[in-house]
Amino acid sequence: DGSIEVSVGAEVKPDTLVGINRQEPPKLMLAPLNKVMGIEFSPEKMKAGLLCAKGDAVSFNQRLFKHMEPSLMGISKSLYYYDSPTSGIIEEINCETGIILIREKLVHAYKPIVLDVASKLGLKPNQIRGYLSKREGDLVYGHEIIGKRVSKQLVNYIRTDATGFITEINTTKGTVTIHYDKKPFELFAHVRGVVTEVEDKKGLTISCEGVEIDGMIGFGPETSGKIIVLNNKKDFKTDDIAGKVVVFVDKVDTEILQTCSERKVSGLIAPSIDNRDWINFYHYEIGVALTGGEKIGFGFIITEGFGNFTMRDELKKLLVKSSGQHGYLSPSTQIRAGVKRPYLIIQ
(Lines give C-alpha, C1' and ligand atoms only; values in the text may rest on other atoms or scores of the structure.)
Protein backbone atom coordinates (compact mmCIF):
# COMPACT_ATOMS: atom_id res chain seq x y z
CA ASP A 1 0.00 0.00 0.00
CA GLY A 2 2.63 2.50 -1.08
CA SER A 3 1.85 6.12 -1.86
CA ILE A 4 3.67 9.21 -3.12
CA GLU A 5 3.10 12.14 -0.77
CA VAL A 6 4.10 15.00 -3.11
CA SER A 7 3.05 16.21 -6.55
CA VAL A 8 4.86 17.59 -9.58
CA GLY A 9 6.12 21.10 -8.92
CA ALA A 10 6.42 20.71 -5.18
CA GLU A 11 9.51 22.17 -3.55
CA VAL A 12 11.13 19.71 -1.16
CA LYS A 13 13.70 19.87 1.63
CA PRO A 14 15.90 17.02 2.93
CA ASP A 15 13.38 16.14 5.65
CA THR A 16 10.31 16.26 3.36
CA LEU A 17 8.39 12.96 3.41
CA VAL A 18 7.93 12.09 -0.27
CA GLY A 19 6.76 8.46 -0.09
CA ILE A 20 5.48 5.89 2.36
CA ASN A 21 4.92 2.14 2.22
CA ARG A 22 2.77 0.65 4.97
CA GLN A 23 2.91 -2.97 3.90
CA GLU A 24 5.16 -5.73 2.66
CA PRO A 25 5.22 -5.94 -1.16
CA PRO A 26 2.96 -8.69 -2.54
CA LYS A 27 4.60 -11.88 -3.75
CA LEU A 28 4.47 -13.22 -7.29
CA MET A 29 3.54 -16.89 -7.27
CA LEU A 30 3.81 -19.46 -10.05
CA ALA A 31 1.13 -22.04 -10.80
CA PRO A 32 3.07 -24.72 -12.76
CA LEU A 33 0.42 -26.58 -14.74
CA ASN A 34 3.15 -28.24 -16.82
CA LYS A 35 4.35 -30.11 -13.72
CA VAL A 36 0.84 -31.17 -12.77
CA MET A 37 0.23 -32.79 -16.16
CA GLY A 38 3.76 -34.01 -16.81
CA ILE A 39 4.15 -35.73 -20.17
CA GLU A 40 0.45 -35.16 -20.92
CA PHE A 41 0.96 -31.39 -21.04
CA SER A 42 0.48 -29.45 -24.25
CA PRO A 43 -0.44 -25.78 -24.95
CA GLU A 44 -3.70 -26.90 -26.57
CA LYS A 45 -4.79 -28.92 -23.52
CA MET A 46 -3.93 -26.04 -21.20
CA LYS A 47 -6.03 -23.61 -23.24
CA ALA A 48 -8.95 -26.02 -23.26
CA GLY A 49 -8.82 -26.60 -19.50
CA LEU A 50 -8.36 -23.04 -18.26
CA LEU A 51 -10.99 -21.78 -15.82
CA CYS A 52 -9.50 -18.30 -15.46
CA ALA A 53 -8.24 -15.41 -17.58
CA LYS A 54 -5.59 -12.74 -17.32
CA GLY A 55 -6.73 -9.99 -14.95
CA ASP A 56 -9.13 -12.20 -12.99
CA ALA A 57 -9.29 -11.90 -9.21
CA VAL A 58 -8.99 -15.37 -7.70
CA SER A 59 -9.35 -16.68 -4.15
CA PHE A 60 -7.36 -19.27 -2.23
CA ASN A 61 -8.13 -22.82 -3.41
CA GLN A 62 -10.14 -21.57 -6.38
CA ARG A 63 -9.85 -24.04 -9.28
CA LEU A 64 -7.80 -22.50 -12.11
CA PHE A 65 -7.49 -25.49 -14.42
CA LYS A 66 -9.23 -28.83 -15.09
CA HIS A 67 -8.56 -31.43 -17.75
CA MET A 68 -9.78 -35.00 -18.27
CA GLU A 69 -7.35 -37.31 -20.09
CA PRO A 70 -8.65 -40.67 -21.38
CA SER A 71 -6.48 -43.67 -20.51
CA LEU A 72 -4.67 -45.62 -23.21
CA MET A 73 -7.23 -48.44 -22.95
CA GLY A 74 -10.15 -46.04 -23.28
CA ILE A 75 -11.81 -47.33 -20.11
CA SER A 76 -10.81 -44.99 -17.24
CA LYS A 77 -9.89 -41.33 -17.30
CA SER A 78 -7.21 -39.26 -15.57
CA LEU A 79 -8.18 -35.97 -13.94
CA TYR A 80 -5.68 -33.10 -13.85
CA TYR A 81 -6.50 -29.95 -11.94
CA TYR A 82 -4.81 -27.01 -10.22
CA ASP A 83 -6.17 -24.85 -7.38
CA SER A 84 -4.86 -21.38 -6.61
CA PRO A 85 -2.24 -21.34 -3.82
CA THR A 86 -3.26 -17.81 -2.81
CA SER A 87 -5.74 -14.98 -3.25
CA GLY A 88 -4.70 -12.46 -5.86
CA ILE A 89 -4.78 -11.29 -9.46
CA ILE A 90 -3.85 -13.34 -12.54
CA GLU A 91 -0.94 -11.36 -13.98
CA GLU A 92 -0.02 -13.64 -16.88
CA ILE A 93 -1.01 -16.94 -18.49
CA ASN A 94 1.59 -18.61 -20.71
CA CYS A 95 0.19 -21.66 -22.44
CA GLU A 96 3.48 -22.41 -24.17
CA THR A 97 5.38 -22.90 -20.91
CA GLY A 98 2.39 -24.06 -18.85
CA ILE A 99 2.74 -21.32 -16.23
CA ILE A 100 0.15 -19.06 -14.57
CA LEU A 101 1.57 -16.03 -12.73
CA ILE A 102 -0.42 -14.73 -9.74
CA ARG A 103 0.22 -11.51 -7.87
CA GLU A 104 -0.79 -12.13 -4.28
CA LYS A 105 -3.41 -9.83 -2.76
CA LEU A 106 -2.39 -9.50 0.86
CA VAL A 107 -4.77 -9.34 3.80
CA HIS A 108 -2.86 -7.99 6.79
CA ALA A 109 -3.39 -8.91 10.43
CA TYR A 110 -3.54 -5.33 11.70
CA LYS A 111 -5.33 -6.76 14.73
CA PRO A 112 -3.72 -9.82 16.37
CA ILE A 113 -4.98 -13.21 15.14
CA VAL A 114 -4.68 -16.20 17.47
CA LEU A 115 -4.37 -19.66 15.87
CA ASP A 116 -5.22 -22.70 18.01
CA VAL A 117 -2.38 -24.89 16.76
CA ALA A 118 -2.69 -27.59 19.43
CA SER A 119 -6.36 -28.30 18.66
CA LYS A 120 -5.87 -28.12 14.90
CA LEU A 121 -2.96 -30.59 14.89
CA GLY A 122 -4.19 -32.76 17.76
CA LEU A 123 -1.25 -31.95 20.04
CA LYS A 124 -0.63 -31.06 23.64
CA PRO A 125 0.07 -27.33 24.04
CA ASN A 126 3.69 -27.89 25.05
CA GLN A 127 4.36 -29.90 21.87
CA ILE A 128 3.54 -27.30 19.24
CA ARG A 129 7.06 -25.86 18.72
CA GLY A 130 8.28 -29.16 17.28
CA TYR A 131 5.61 -29.07 14.56
CA LEU A 132 5.97 -25.44 13.52
CA SER A 133 8.12 -24.39 10.56
CA LYS A 134 8.24 -20.76 11.75
CA ARG A 135 9.57 -19.03 14.84
CA GLU A 136 8.75 -15.86 16.76
CA GLY A 137 9.56 -12.78 14.71
CA ASP A 138 9.13 -14.52 11.33
CA LEU A 139 6.96 -12.91 8.66
CA VAL A 140 4.24 -15.24 7.35
CA TYR A 141 1.93 -14.66 4.40
CA GLY A 142 -1.79 -15.33 4.12
CA HIS A 143 -2.61 -19.03 3.53
CA GLU A 144 1.01 -20.01 4.20
CA ILE A 145 1.50 -23.36 5.95
CA ILE A 146 3.30 -22.71 9.25
CA GLY A 147 3.01 -26.20 10.75
CA LYS A 148 1.96 -29.78 10.02
CA ARG A 149 1.62 -33.16 11.66
CA VAL A 150 1.74 -36.55 9.95
CA SER A 151 -0.11 -39.37 11.74
CA LYS A 152 -1.62 -42.64 10.51
CA GLN A 153 -1.07 -41.67 6.87
CA LEU A 154 -2.95 -38.40 7.42
CA VAL A 155 -1.41 -34.95 7.22
CA ASN A 156 -2.90 -32.05 9.18
CA TYR A 157 -1.85 -28.52 8.29
CA ILE A 158 -2.13 -25.19 10.06
CA ARG A 159 -2.35 -22.17 7.76
CA THR A 160 -2.34 -18.46 8.42
CA ASP A 161 -5.45 -16.41 7.68
CA ALA A 162 -3.57 -13.18 7.01
CA THR A 163 -0.10 -11.72 6.55
CA GLY A 164 1.76 -10.74 9.69
CA PHE A 165 4.61 -11.46 12.08
CA ILE A 166 4.56 -14.28 14.60
CA THR A 167 4.57 -12.28 17.83
CA GLU A 168 3.98 -15.15 20.27
CA ILE A 169 4.18 -18.93 20.44
CA ASN A 170 2.31 -19.89 23.61
CA THR A 171 3.15 -23.43 24.74
CA THR A 172 0.77 -23.15 27.70
CA LYS A 173 -2.30 -22.51 25.56
CA GLY A 174 -0.97 -24.15 22.39
CA THR A 175 -1.54 -21.05 20.29
CA VAL A 176 0.33 -18.86 17.82
CA THR A 177 -0.38 -15.13 17.57
CA ILE A 178 0.08 -13.30 14.26
CA HIS A 179 0.12 -9.51 14.12
CA TYR A 180 1.22 -7.13 11.36
CA ASP A 181 2.77 -4.48 13.60
CA LYS A 182 5.54 -3.30 11.31
CA LYS A 183 6.28 0.41 11.22
CA PRO A 184 5.73 1.99 7.78
CA PHE A 185 8.75 2.54 5.54
CA GLU A 186 9.17 6.26 5.00
CA LEU A 187 11.11 7.82 2.12
CA PHE A 188 12.48 11.33 2.52
CA ALA A 189 13.71 13.70 -0.18
CA HIS A 190 17.26 14.00 1.29
CA VAL A 191 17.93 16.99 -0.99
CA ARG A 192 16.62 20.48 -1.67
CA GLY A 193 14.91 20.55 -5.03
CA VAL A 194 11.72 20.41 -7.07
CA VAL A 195 9.62 17.35 -7.93
CA THR A 196 9.63 17.02 -11.73
CA GLU A 197 7.98 13.63 -12.23
CA VAL A 198 5.74 11.29 -10.23
CA GLU A 199 4.92 7.66 -10.97
CA ASP A 200 1.94 6.79 -8.78
CA LYS A 201 2.77 4.34 -5.98
CA LYS A 202 6.19 3.64 -7.48
CA GLY A 203 8.57 6.56 -7.47
CA LEU A 204 9.37 10.16 -8.27
CA THR A 205 12.10 12.35 -9.76
CA ILE A 206 13.57 15.34 -7.93
CA SER A 207 15.60 17.96 -9.78
CA CYS A 208 18.24 19.65 -7.64
CA GLU A 209 21.45 21.67 -7.85
CA GLY A 210 24.67 20.62 -6.17
CA VAL A 211 28.15 19.19 -6.56
CA GLU A 212 28.26 15.45 -7.22
CA ILE A 213 31.23 13.32 -6.11
CA ASP A 214 31.56 9.69 -7.15
CA GLY A 215 33.01 7.03 -4.86
CA MET A 216 34.44 3.57 -5.48
CA ILE A 217 32.07 1.46 -3.38
CA GLY A 218 29.36 2.10 -0.80
CA PHE A 219 27.37 0.33 1.89
CA GLY A 220 24.24 0.95 3.90
CA PRO A 221 21.11 3.00 3.16
CA GLU A 222 20.79 6.30 1.35
CA THR A 223 20.95 9.12 3.85
CA SER A 224 21.79 12.79 4.33
CA GLY A 225 22.96 15.33 6.88
CA LYS A 226 25.28 18.22 7.65
CA ILE A 227 28.87 17.56 6.53
CA ILE A 228 31.58 17.60 9.18
CA VAL A 229 35.28 16.94 8.43
CA LEU A 230 37.37 15.29 11.16
CA ASN A 231 41.15 14.94 11.21
CA ASN A 232 41.60 12.21 13.80
CA LYS A 233 39.88 9.85 16.23
CA LYS A 234 40.19 12.37 19.07
CA ASP A 235 37.95 14.84 17.25
CA PHE A 236 35.67 11.96 16.38
CA LYS A 237 35.03 11.17 20.05
CA THR A 238 34.49 14.72 21.28
CA ASP A 239 32.48 16.37 18.49
CA ASP A 240 28.68 16.23 18.23
CA ILE A 241 28.33 13.87 15.24
CA ALA A 242 24.83 12.40 15.64
CA GLY A 243 22.82 12.81 12.43
CA LYS A 244 25.78 14.24 10.50
CA VAL A 245 27.79 13.09 7.48
CA VAL A 246 31.27 12.52 8.87
CA VAL A 247 34.27 12.83 6.56
CA PHE A 248 37.66 11.25 7.35
CA VAL A 249 40.56 12.17 5.05
CA ASP A 250 42.61 9.15 6.15
CA LYS A 251 41.97 5.41 6.28
CA VAL A 252 39.29 4.26 8.77
CA ASP A 253 39.08 1.05 10.81
CA THR A 254 36.66 -1.17 12.76
CA GLU A 255 36.71 1.13 15.79
CA ILE A 256 35.59 4.11 13.72
CA LEU A 257 32.78 2.13 12.09
CA GLN A 258 31.56 0.90 15.47
CA THR A 259 31.66 4.44 16.86
CA CYS A 260 29.64 5.67 13.87
CA SER A 261 26.99 3.09 14.67
CA GLU A 262 26.96 3.85 18.39
CA ARG A 263 26.92 7.64 17.93
CA LYS A 264 24.19 7.36 15.27
CA VAL A 265 25.90 9.29 12.51
CA SER A 266 23.95 9.73 9.31
CA GLY A 267 26.82 8.91 6.96
CA LEU A 268 30.54 8.25 6.73
CA ILE A 269 32.91 9.13 3.88
CA ALA A 270 36.50 7.85 3.93
CA PRO A 271 39.23 7.11 1.40
CA SER A 272 39.86 3.49 2.40
CA ILE A 273 39.52 0.64 4.86
CA ASP A 274 41.17 -2.76 5.17
CA ASN A 275 38.88 -5.60 4.11
CA ARG A 276 39.58 -7.31 7.45
CA ASP A 277 38.33 -4.25 9.36
CA TRP A 278 35.17 -4.18 7.26
CA ILE A 279 34.49 -7.89 7.92
CA ASN A 280 35.17 -7.43 11.65
CA PHE A 281 32.45 -4.78 11.68
CA TYR A 282 29.88 -6.22 9.25
CA HIS A 283 30.68 -9.93 9.89
CA TYR A 284 30.20 -10.82 6.21
CA GLU A 285 32.25 -10.61 3.02
CA ILE A 286 30.98 -8.02 0.55
CA GLY A 287 29.00 -9.08 -2.50
CA VAL A 288 30.95 -8.91 -5.75
CA ALA A 289 28.10 -7.58 -7.88
CA LEU A 290 25.81 -5.35 -5.80
CA THR A 291 26.07 -3.43 -2.54
CA GLY A 292 23.94 -0.87 -0.74
CA GLY A 293 21.18 -1.30 1.82
CA GLU A 294 23.33 -3.21 4.32
CA LYS A 295 21.85 -2.81 7.80
CA ILE A 296 24.73 -0.97 9.43
CA GLY A 297 22.82 2.07 10.68
CA PHE A 298 24.45 4.67 8.39
CA GLY A 299 25.54 5.25 4.81
CA PHE A 300 29.22 4.55 4.08
CA ILE A 301 31.13 5.55 0.92
CA ILE A 302 34.78 4.66 0.20
CA THR A 303 36.34 7.10 -2.24
CA GLU A 304 39.59 5.31 -3.14
CA GLY A 305 39.21 1.59 -2.39
CA PHE A 306 40.11 -1.21 0.01
CA GLY A 307 43.62 -0.99 1.44
CA ASN A 308 45.70 1.83 2.84
CA PHE A 309 44.90 4.97 0.83
CA THR A 310 44.62 8.61 1.77
CA MET A 311 42.14 10.92 0.11
CA ARG A 312 43.07 12.68 -3.14
CA ASP A 313 44.18 16.28 -2.49
CA GLU A 314 41.57 17.88 -4.74
CA LEU A 315 38.76 15.84 -3.15
CA LYS A 316 40.06 16.55 0.34
CA LYS A 317 40.11 20.31 -0.36
CA LEU A 318 36.57 20.20 -1.75
CA LEU A 319 35.16 18.31 1.24
CA VAL A 320 36.97 20.54 3.77
CA LYS A 321 35.53 23.56 1.97
CA SER A 322 32.07 21.94 2.10
CA SER A 323 32.10 21.47 5.88
CA GLY A 324 28.81 22.74 7.29
CA GLN A 325 26.91 22.22 4.02
CA HIS A 326 24.25 19.59 3.37
CA GLY A 327 25.30 16.22 1.95
CA TYR A 328 23.23 13.42 0.42
CA LEU A 329 24.75 9.91 0.19
CA SER A 330 23.64 7.23 -2.27
CA PRO A 331 25.84 4.21 -1.35
CA SER A 332 24.28 1.75 -3.81
CA THR A 333 26.98 0.18 -6.01
CA GLN A 334 26.71 -2.18 -8.98
CA ILE A 335 29.86 -3.72 -10.43
CA ARG A 336 28.51 -6.00 -13.14
CA ALA A 337 25.82 -5.70 -15.83
CA GLY A 338 26.02 -1.92 -15.96
CA VAL A 339 28.40 -0.16 -13.57
CA LYS A 340 26.82 2.11 -10.96
CA ARG A 341 29.01 3.98 -8.50
CA PRO A 342 28.02 5.45 -5.13
CA TYR A 343 27.91 9.22 -4.96
CA LEU A 344 27.67 12.24 -2.68
CA ILE A 345 25.74 15.39 -3.56
CA ILE A 346 26.81 18.56 -1.76
CA GLN A 347 24.30 21.42 -1.54
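Which residues of strand 22 (residues 245-248) point one way, and which the other way?

1. Start with that strand. Val245 and Val247 point one way from strand 22, while Val246 and Phe248 point the other way. All of them are buried, and buried here means under 20% relative accessible area, with exposed over 50% and partly exposed in between (1.4 Å probe, protein chains only). Strands are DSSP runs of E, at least two residues, and helices are runs of H or I, at least four residues, numbered from the N terminus.

2. A quick word on what you're looking at. This is a predicted model, where local features need pLDDT of at least 70 and side-chain atom pairs count only at pLDDT 80 or more, while totals for chains, interfaces and linings use all residues. Residues are numbered from 1 along each chain as its sequence is written, and side-chain values use heavy atoms, with hydrogens and water left out.

3. Now the partners of strand 22. Strand 21 (residues 223-230) pairs with strand 22 in the parallel sense over four bridges; two strands count as paired if DSSP finds at least two bridges between them. Ile227 stands opposite Val245. Strand 22 also pairs with strand 23 (residues 267-273), again parallel, over three bridges, and there Val246 has Leu268 as its bridge partner. To get from strand 22 to strand 23, the chain goes through helix 5 (residues 254-262), a right-handed β-α-β crossover. Right-handed means that, with the strands pointing away from the viewer, the path from the first strand over the helix to the second runs clockwise.

4. Elsewhere there's an open sheet of three strands, in the order 1-3-16, with antiparallel pairing. Strand 1 (2-4) and strand 16 (185-188) are its edge strands, each pairing on one side only. Between neighbouring strands the average turn is 15°, direction ignored, taken from lines fitted to C-alpha atoms (for helices, over the stretch in contact), with angles from 0 to 180 degrees between N-to-C directions. Strand 3 (residues 17-21) meets strand 16 over four antiparallel bridges, and Gly19 stands opposite Leu187.

5. Asn61 has a positive phi, near 75°, and isn't a glycine. Asn61 sits in the loop between strand 5 (57-58) and strand 6 (63-70), and counts as partly exposed because its relative accessibility is 47%.

6. The other is His143, not a glycine either, with a positive phi of about 70°. His143 lies in the loop between strand 11 (139-140) and strand 12 (145-151). With a relative accessible area of 22%, His143 is partly exposed.
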